[in-house]
Amino acid sequence: MEHFDLSLVNWSRAQFALTAMYHWVFVPLTLGLAFIIAFMETLYYKTKNEEWKRITKFWMTLFGVNFAIGVATGIILEFEFGTNWSNYSWFVGDIFGAPLAIEGIMAFFMESTFIAVMFFGWNKVSKKFHLISTWLVAIGANLSALWILVANAWMQHPAGMHFNPETARNEMNNFWDVLFSPVAINKFLHTVSSGYVLSAIFVIGVSAWFILKGRHLLLAKRSIIIASVFGLVTSLFLVLTGDGSAYQVAQKQPMKLAAMEGLYEGSEGAPLVVVGALTPGKEYNDSRNPFVFRVQIPRLLSFLGYRSGEAFVPGVKNLVEGGYIYTNKEGKEQLALSLEQKMERGKIAIQALADYKAASDAKDTTAMAYHKNLLDSNFEYFGYGYLNNPKSIIPNIPLTFYSFHIMVGLGFLFILFFAVLLYLALRKEFKIKKWLLRISILMIPLAYIASQAGWIVAEVGRQPWVIQDILPSVAAVSRIDSGAVQVTFFLFLIIFTTLLIAELKIMFKQIKLGPKEGGK
Amino acid sequence: MNPLKKVFLFYYEGFKSMTVGKSLWLIILIKLFIMFAILKIFFFPNLLKRNFDSDSDRSNYVIEQLTTKSK
């Protein structure tokens, strides 16, 4: 790894992270607000009450602003695949291509057709067709997210493919294994439900502002009730899918779990850290206490990770040194290899690829078969061949740990928030204290922080892997000038910040304008 | 009326009657212009497509990259 330009890898990662985080500012609100609007329009369709139409149209306008300013921001990520991550782009082959192509086609048809009906179709199509279009926009937006998240889940847990050494590409041999991988299902459900929670908080926060200003009270009260119900149900579902996701992490990405929990030394009956502060500068192999302080629940990490309060949860040190018993992909118990052993097998796999290529060029079929066999039997450790020291498989533990605990803590706070608000809103007299209305507005940035923190856990926690165990970021990156990546990073930073400020101004302006006609 | 004309008018009248500020559309157009006319063309070429003519050449290049990076 001596001649890897780590500054190139780090700048490329930083650039990708910046773009992805900017993209994710807009996506969760689109995913959830579309459903909230669909529920509101359904109430209009059922009751024929014009106030519901006015409410629907107001939130639809904010949905439109968010959708329009967020549109195509995800395409920049695809640009970066081709330029900064060309080895990776080639290596993933059609695994990424198929879901992204489906997403592209689906997004285009659903969005260009039904969004147009949703916005332009009032009084031009029947109420029923308009309502169906609104629901299809909501379903379509979420299905678009499905394909992107399936592709991301495959990177966290590669399944349903084989590696072709002739082309250096992974080829899909079972589409359903890719689509229905347990990681993909949990990731999709957890991610979209986080968007629903964020959207519910957005609706409540904006409505709370209206109540504080004494404007559009009926709209605000009805919106708070709808959003509180939607938020409470989806935030409880978020806990369920979060548990499912963490279980998958424990099985497939134990190092990420160790980082999420600041777990350096594994143990049976491992506790779950509820809140804590990590010891700064702690190394995986020093004897210092990993925490300055912590509050923990005994055995809960073992139970959540392995469904047994007595189960052994490996820590960072165990994952580097190996030697513990774990259950492999086939469900059999086996002794964990040390990092050194995995690196050795990874190097064998990489050398086998080089030798296969040489044999292929020489048309030596016997040698080709031999090296292919060697490659196949060591391929699950392919990526380890690019690593050369224990630290290289340890992600940024403080960033992963704090992001995880911020996300979880805020998630539980949101459940309490929705429950309290719904209780107050459904009492005989709708009365919410001013301080709670102010807190409701403050909840909006907290929802965005929780949402971004979730992605930090998912992506920082899986480092160094671009594809788990198979391709680290140092091998995935293109050999380009790191100076060029730095230039585009700062270019993005300036452009995105400017655009975000302008876009937020438009959103605030629309909120201040409020709904157009009528209302109390 | 011709169905195509109907669809055209549906979109045309829809966009025409939109009341959300012009500045939103201006920002979207600027953003799309920056993304596709500047960033994509000048900063983000698809390296493998640009530098190689065939998939076979691309495969060879990536194999060479993957097998030399570990040494």
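Biologist: How far apart are the centres of domain 2 and domain 3 of chain A?
Modeller: First, a heads-up: this is a predicted model, where local features need pLDDT of at least 70, side-chain atom pairs count only at pLDDT 80 or more, and totals for chains, interfaces and linings use all residues. Residues are numbered from 1 along each chain as its sequence is written, chains are lettered from A and ligands numbered from 1 in the order in which they are written, and side-chain values use heavy atoms, with hydrogens and water left out. Domain 2 covers 263-335 and domain 3 covers 339-390, with bounds from an automatic or database domain assignment. Taken over C-alpha atoms, their centres in chain A are separated by 32 Å.

Biologist: How much area is buried between chain A and chain B?
Modeller: The contact (heavy atoms within 4.5 Å) takes 62 residues from chain A and 40 residues from chain B. Buried area is the accessible area (1.4 Å probe) that two parts lose on being put together, summed over both. Carbon and sulfur atoms give 72% of it here, and the total is about 4200 Å².

Biologist: Which residue of chain B meets Lys124(A) in a salt bridge?
Modeller: Side chains of opposite charge can pair when their charged atoms come close. A salt bridge is a side-chain nitrogen of Lys or Arg within 4 Å of a carboxyl oxygen of Asp or Glu, and the count between chain A and chain B is two. For Lys124(A), the N to O distance is 3.3 Å and the partner is Glu13(B).

Biologist: Which element gives the most residues to the side of chain A that touches chain B?
Modeller: Ten residue pairs are in polar contact across this interface, both at pLDDT 80 or more. The elements that give two or more residues on the chain A side include helix H1 (6-47), helix H5 (94-120) and helix H18 (482-513); helices are DSSP runs (H or I, at least four residues) and strands too (E, at least two), numbered from the N terminus. With ten residues, the top contributor is H18(A).

Biologist: And how many residues of that side of chain A are nonpolar?
Modeller: Ala, Val, Leu, Ile, Met, Phe, Trp, Tyr, Cys and Pro count as nonpolar, Asp, Glu, Lys and Arg as charged, and the others, Gly among them, as polar. On the side of chain A that touches chain B, 19 residues are polar and nine charged, while the nonpolar number is 34.

Biologist: Is Lys357(A) buried or exposed?
Modeller: Lys357(A) sits in helix H13 (residues 339-361) of chain A and touches Asn60(B) and Ile63(B), not counting residues up to four places away in sequence. Buried means under 20% relative accessible area, exposed over 50%, and partly exposed in between (1.4 Å probe, protein chains only). Lys357(A) has 15%, so it counts as buried.

Biologist: Which side chain makes a polar contact with the side chain of Lys357(A)?
Modeller: A polar contact is a pair of N or O atoms within 3.5 Å; within protein, one must be able to donate a hydrogen and the other to accept it, and residues adjacent in sequence count only if both atoms are side-chain atoms. For Lys357(A) the distance is 2.5 Å, and the partner is Asn60(B).

Biologist: Is Leu32(B) buried, partly exposed or exposed?
Modeller: Leu32(B) belongs to helix H2 (residues 22-43) of chain B. Leaving aside neighbours within four places in sequence, Leu32(B) is in contact with Ala72(A) and Ala37(B). Its relative accessibility is 28%, so Leu32(B) is partly exposed.

Biologist: Why are Glu51(A) and Arg54(A) separated by about one helical turn?
Modeller: Those two form a salt bridge, with the closest N and O atoms 3.0 Å apart, and both are buried. They are about one turn apart because, in helix H2 of chain A, their spacing is three residues.

Biologist: How many residues apart in sequence are the parts that Lys317(A) and Glu265(A) tie together?
Modeller: This salt bridge has its closest N and O atoms 3.8 Å apart. Lys317(A) lies in helix H12 (residues 316-321) and Glu265(A) in the loop between helix H10 (254-261) and strand E3 (267-268), so the pair ties together parts whose separation in residues is 52.
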